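Please read these notes with the model open beside you.

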Amino acid sequence: MIISENWLREWVEFDLDFNALPAVLTAAGLETGVVEDIKALPESIVAGHIVQICPHPNASELTLCDVDAGETKLVRVVCGAPNVALGAVAPFAKVGSRLPAGEKIAEVSIRGELSSGMLCSAAELGLEEQSQGLLLLDPELSPGGQLNDHLQLPDRLLEVELTPNRGDCLSILGVAREVAALTGGRLKEPKLPRVRTTESEARSISLDADGRCARYVGRSIKDVRPGARTPDRIRERVTRAGLRSIDALVDVSNYIMLELGQPMHAFDGDRLKGNIRVRPAKPKEKIKLLDGERLTLDAESLLITDQKGAVALAGIKGGASTMIHPKTRTIFLEAAFFDPDGVARTARKYGLNTDASHRFERGVDFTLPAKAIDRASALIIQICGGRCGPRIESSEKSRLPKRSWVPLRATRLSRMLGERIPKKKVLNVFSSLGMTCESTPSGWRVKAPTYRFDVAAEHDLVEEVARVVGYDRLPVSRPKVAAGYGLAPERKLPIDRAKDLLVDLGYREAITYSFVSPDLQKHFHDYGSPITLKNPISVHMAQMRVSLLPGLLTALATNTRRQVKDVRLFETGHTYQQRKKSTEECQRVSGLLAGAADQQTWDHQIRPVDFFDVKGHVERLLRLTHQGVNAEFLPIEDEVYQAGQCAQIQLKGREIGRVGRISPGLLEEAEIVTPVFGFELDWVAIETTEPPSFRAVSRFPAVTRDISIVISEEIVAADVAAIIKSAASELLVQLELIDLYTDTGIESGKKSLTFRLTLQSNSRNLTDEEADRLIDAVLKRLSDQIGAALRSS
């Protein structure tokens, strides 16, 4: 919301300098930016009346204008603006004037014709960033008249960033209330002229909206003057507030919305057929909006209709069938109170965000429609002429928001603010905010005004007192925290240990959104049913993540687009999936790596990362909790990973994660062209560890034996290792795979694996005979179960 100082001071008297206002509003919860100055125009820039025009003899795109600038003689000016016309009034910069941008106006010859001054656009005067032609002024301005008072210059603009709960401040009136309360100023609402009714009204209003429209007010105005221009005062205020001036009727509607906070709409009264009915849309009912967009609606959408059909999407945007046009002579004004939740739901469903919906979904004063109709009617008659019909209204008072008493205990107020606030001061705070406040034995009871939708409980009242008194004036008290005596459980490893390890391995921690794109998440159908959001931030964040990998892939893609080749990212966080009657939340740790396995040096070339790099990192993580010994890596088919380079990680028969190379289809969806490897582990399944315990170190020497066996190439080394461990006795203290051979001397379809067995006893020296018997037992078990043969050469 952009606030003009001149407009604001019409509504509130306050002594504070406008440049100091941002700090006051920000401290009170209304975040504001810097003040933008609109400087006064030089006195040599005056109102110029174009009394005669003729074509430029040497340039078809230029016009010669004789301008009455209040002097004894007319001034000849060469003008290239497309909207220059006989009788028009525009800002005229005399010779010697200096424009706000610094350009000095001099008498010059343009294509052989002398130009003694300049007719100016709004951009040239510093009032707008861009302009398509002259800034046309009210024709009532006298030639040579000063423009500063007429254009309300100088002025200062302040943009207020509001939180969703403060929809009451989306207007000059709302900000004026806040300024009056915070500065001790006086609110001075301008007196509005009475609207004289001269016409009857045959049209009626009916509400069939289940409370979604609890009040609807309207009025017909006949014989308005087509093509009436918007007065400069209204046009400048609308433009400075960030809206585009369109025509008088639309500008008046926007002006009322900016001034009072009540969105309005004007229908072409001749195109509006019969009575007004507010009702839910029929399933698959269609409407064409003002901008030409066509919507197919559902029963949750609310419509404004006449006897022919839908004429507006309630609280959001008008329909094309009854829109105002240049020949409109009769209008029907609308102002209503719509249910905030209903407007928000419909706006999100159809991707519409208008100034009206922005206000309605935050809550608009439900007593305001009648006042807004009268204010708009008075302005339209003043600008466009016409004859007013009676104000008609339909309300369901039982469905209007209720304002009940909210208790505030003095003890609670003092405890939360850290200081005792005098009762009289509390009463003054609520009075300045327009709230009804009464004293009670325990403190006060307060009733919020009709325009405040954010005051419903005791803590809301505490916040209001703190805002107005000033957070900076409250004492600073440090919280008292008692030290706990409990110790962290020894059997659970803190996840920070895993983070530290991954950082040591070259990873960087990422924190991504819990909302992900359904296009990315469709590849993770094996990971559970996703939770789809009803009101997502965007279509690319429409589901809760079932895995941490989609967010990491998005982050990795962002890095690769910025030419970062070597990327290692990890994240710890929660994933979410839908169960039949509930949702499930799991804590996971996940990582991605791409690029080089290590840094390039002068003595060896870069090696790209591969499956065994990421598998090694996972094994390091598992060893943190001493789970690595028992973990098994088993082949699996998973759409997320590339076939043949993917493993399921099991611990005691239970899946605890997966690791592998990300599939080409998923990389293409994420717009990544380089190979990427990743992993994801269920942290809860691996965080349990065994506390440190003493184990005696054997004082007897160890015996090592190497065995080379030939097996089918389809048998994985993990299965072979498991058989060896089961066949060996407790004398086996270490088992290592030290070689894989598939070259000369090995049959096709076979492979040779060499294992090193380390044997040791805690009670005696092992003899060669004992070691040989154990090796023979291992070889026999391997032969019986997988057909392994001892390699002879």
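1. Charge. The protein carries 104 positive and 106 negative side chains. The centres of the two sets lie 6 Å apart. Lys and Arg count as positive, Asp and Glu as negative, while His and the chain ends are not counted. Each charge is placed at NZ of Lys, CZ of Arg, CG of Asp or CD of Glu.

2. Basis. This is a predicted model, in which local features need pLDDT of at least 70, side-chain atom pairs count only at pLDDT 80 or more, and totals for chains, interfaces and linings use all residues. Residues are numbered from 1 along each chain as its sequence is written, and side-chain values use heavy atoms, with hydrogens and water left out.

3. Overall form. The secondary structure comes to 19 helices and 40 strands. These are DSSP runs numbered from the N terminus (helices: H or I, at least four residues; strands: E, at least two). The radius of gyration is 39 Å, well over the 28 Å that the globule rule gives for 793 residues, so the protein is more spread out than a compact globule. That radius is taken over C-alpha atoms, and the rule is 2.2 Å times the number of residues to the power 0.38. The C-alpha trace spans about 125 × 85 × 55 Å along its principal axes.

4. Surface and contacts. The accessible surface is about 40700 Å². Carbon and sulfur atoms hold 49% of that surface. Areas come from the Shrake-Rupley method with a 1.4 Å probe; for residues, only the protein chains shown count as cover. Of the 793 residues, 49% count as buried. Buried means under 20% relative accessible area, exposed over 50%, and partly exposed in between (1.4 Å probe, protein chains only). Among contacts (heavy atoms within 4.5 Å) with a separation of 6 or more, 70% join residues 24 or more positions apart.

5. Cores. Which residues have the most contacts inside the largest nonpolar core? They are Leu8, Ile256, Leu333, Ile380, Leu413, Phe430 and Val465, in a core of 78 residues. Apart from that core lies another, of 34 residues, including Leu272, Leu289, Leu295 and Leu303. A nonpolar core here is a set of buried Ala, Val, Leu, Ile, Met, Phe, Trp, Tyr and Cys residues joined through side-chain atoms within 4.5 Å. Leaving aside neighbours within four places in sequence, Val465 contacts Leu413, Leu417, Ile421, Val426, Val429 and Phe430.

6. Helix α4. Seven of the nine residues of α4 (residues 232-240) are buried, so this helix is largely enclosed by the rest of the structure. Check the buried list: Asp232, Ile234, Arg235, Glu236, Arg237, Val238 and Arg240. Their packing partners are β1 (2-4), α1 (5-11), β3 (31-38), β11 (155-161), α5 (248-260) and α8 (369-384). Just after α4, Gly242 has a positive phi of about 100°.

7. Arg375. This residue lies in helix α8. Arg375 is buried, at 11% relative accessibility. Not counting residues up to four places away in sequence, Arg375 touches Leu192, Tyr255, Ile256, Glu259 and Leu260. Arg452 is 77 residues from Arg375 along the chain, and their C-alpha atoms are separated by 22 Å.

8. Helix α6. Buried here (residues 340-349) are Pro340, Gly342, Val343, Ala344, Thr346 and Ala347. They pack against β20 (310-313), β22 (331-338) and α7 (355-360). Gly351 follows α6, with a positive phi near 65°.

9. Backbone checks. Most residues other than glycine have a negative phi, and most peptide bonds are trans. Arg111 has a positive phi of about 55°. Arg111 sits in the loop between β8 (108-110) and β9 (113-115), and is partly exposed at 48%. Glu671 also has a positive phi, about 60°. Glu671 is in the loop between α16 (664-669) and β36 (677-682), and is exposed at 57%. A cis peptide bond joins Leu153 and Pro154, with omega about 0°. Pro154 is in the loop between β10 (118-119) and β11.

10. Thr689. The loop runs between α17 (683-686) and β37 (703-712). Leaving aside neighbours within four places in sequence, Thr689 contacts Glu490, Arg491, Lys492, Leu493, Leu624, Thr625 and His626.
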